[in-house]
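This report walks through one structure, helix pair by helix pair and then residue by residue. Please keep the sequence and the coordinates open while reading.

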Amino acid sequence: MSWPQKMGNIGSEITRARIWEEKNNRPAARQSFERVLEMLQASAGNAETDLLREVVADLVKDGEQYQVTPKELEDYCLPFALLARKNV
């Protein structure tokens, strides 16, 4: 799987987590965020992926260190998804 495909998949899972949060379903949102962390762990090894994992972990915990919203993470991942779709 290409880097843009991986990041697009991560973005999709972040979107699911955000939607669950908006529906006040914290357990489902947490499961989605846990899947994001698993995907990032599987892609670990470069500074960008490692930092993104740190940001997502902070968001799951309390979001105080990075103060990033799920929507902002979605916006970060969207260009990767578009690139992956373009290259398919």
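What follows covers basis, helix packing, and selected residues.

## Basis

This is a predicted model: local features need pLDDT of at least 70, side-chain atom pairs count only at pLDDT 80 or more, and totals for chains, interfaces and linings use all residues. Residues are numbered from 1 along each chain as its sequence is written, and side-chain values use heavy atoms, with hydrogens and water left out.

Helices are DSSP runs of H or I with at least four residues, numbered from the N terminus. Two packed helices are described by the angle between their axes and the distance between the axes. Axes are lines fitted to C-alpha atoms, for helices over the stretch in contact, and angles run from 0 to 180 degrees between N-to-C directions.

## α1 against α2

Helix α1 spans residues 3-22 and helix α2 spans residues 26-42. Their axes lie 7 Å apart, at an angle of about 165°. That makes the two helices, α1 and α2, roughly antiparallel (angles over 145 degrees count as such). The crossing of α1 past α2 is left-handed, meaning that the near helix is turned anticlockwise from the far one by less than a right angle.

Contact means heavy atoms within 4.5 Å. On the α1 side, the contact residues are N9, I10, E13, I14, R16, A17, W20 and E21. They meet R26, A28, A29, S32, F33, R35, V36, M39 and L40 of α2. By class, the contact of α1 with α2 holds 10 nonpolar, 2 polar and 5 charged residues. Here Ala, Val, Leu, Ile, Met, Phe, Trp, Tyr, Cys and Pro count as nonpolar, Asp, Glu, Lys and Arg as charged, and the others, Gly among them, as polar.

## α2 against α3

The axes of α2 and α3 come within 9 Å and cross at roughly 160°. This makes α2 roughly antiparallel to α3. The crossing of α2 past α3 is left-handed.

From α2, the contact takes R30, F33, E34, V36, L37, L40 and Q41. From α3, it takes T49, L52, R53, V56, A57, L59 and V60. The contact of α2 with α3 divides into 9 nonpolar, 2 polar and 3 charged residues.

## α1 against α4

The axes of α1 and α4 come within 7 Å and cross at roughly 145°. α1 passes α4 in a left-handed crossing.

The α1 residues in this contact include W3, M7, I10, I14 and R18. Among their α4 counterparts are P70, L73, Y76, F80 and L83. The contact of α1 with α4 has 13 nonpolar, 4 polar and 4 charged residues.

## R18, a residue of α1

R18 sits in helix α1. Is R18 buried or exposed? R18 counts as buried, at 18% relative accessibility (buried means under 20% relative accessible area, exposed over 50%, with a 1.4 Å probe and protein chains only).

Leaving aside neighbours within four places in sequence, R18 is in contact with P70, K71 and E74. The side chains of R18 and E74 are joined by a polar contact of 2.2 Å. Such a contact is a pair of N or O atoms within 3.5 Å; within protein, one must be able to donate a hydrogen and the other to accept it, and residues adjacent in sequence count only if both atoms are side-chain atoms. The C-alpha atoms of R18 and L73 are separated by 9.9 Å, with the two residues 55 residues apart along the chain.

## Loop residues

N24 belongs to the loop between α1 and α2. Its phi is near 60°, a positive value in a residue other than glycine. N24 is exposed, at 68% relative accessibility. S43 lies in the loop between α2 and α3. S43 counts as buried, at 13% relative accessibility. Not counting residues up to four places away in sequence, S43 touches K6 and T49.

The loop between α3 (47-61) and α4 (70-86) holds Q65. Q65 is exposed, with a relative accessible area of 55%. Beyond residues up to four places away in sequence, Q65 touches E54 and D58. Q67 also lies in the loop between α3 and α4. Q67 has a positive phi of about 50° although it is not a glycine. Q67 is exposed, with a relative accessible area of 63%.

Definitions and conventions
Angles under 35 degrees count as roughly parallel, over 145 as roughly antiparallel, 65 to 115 as roughly perpendicular and the rest as oblique.
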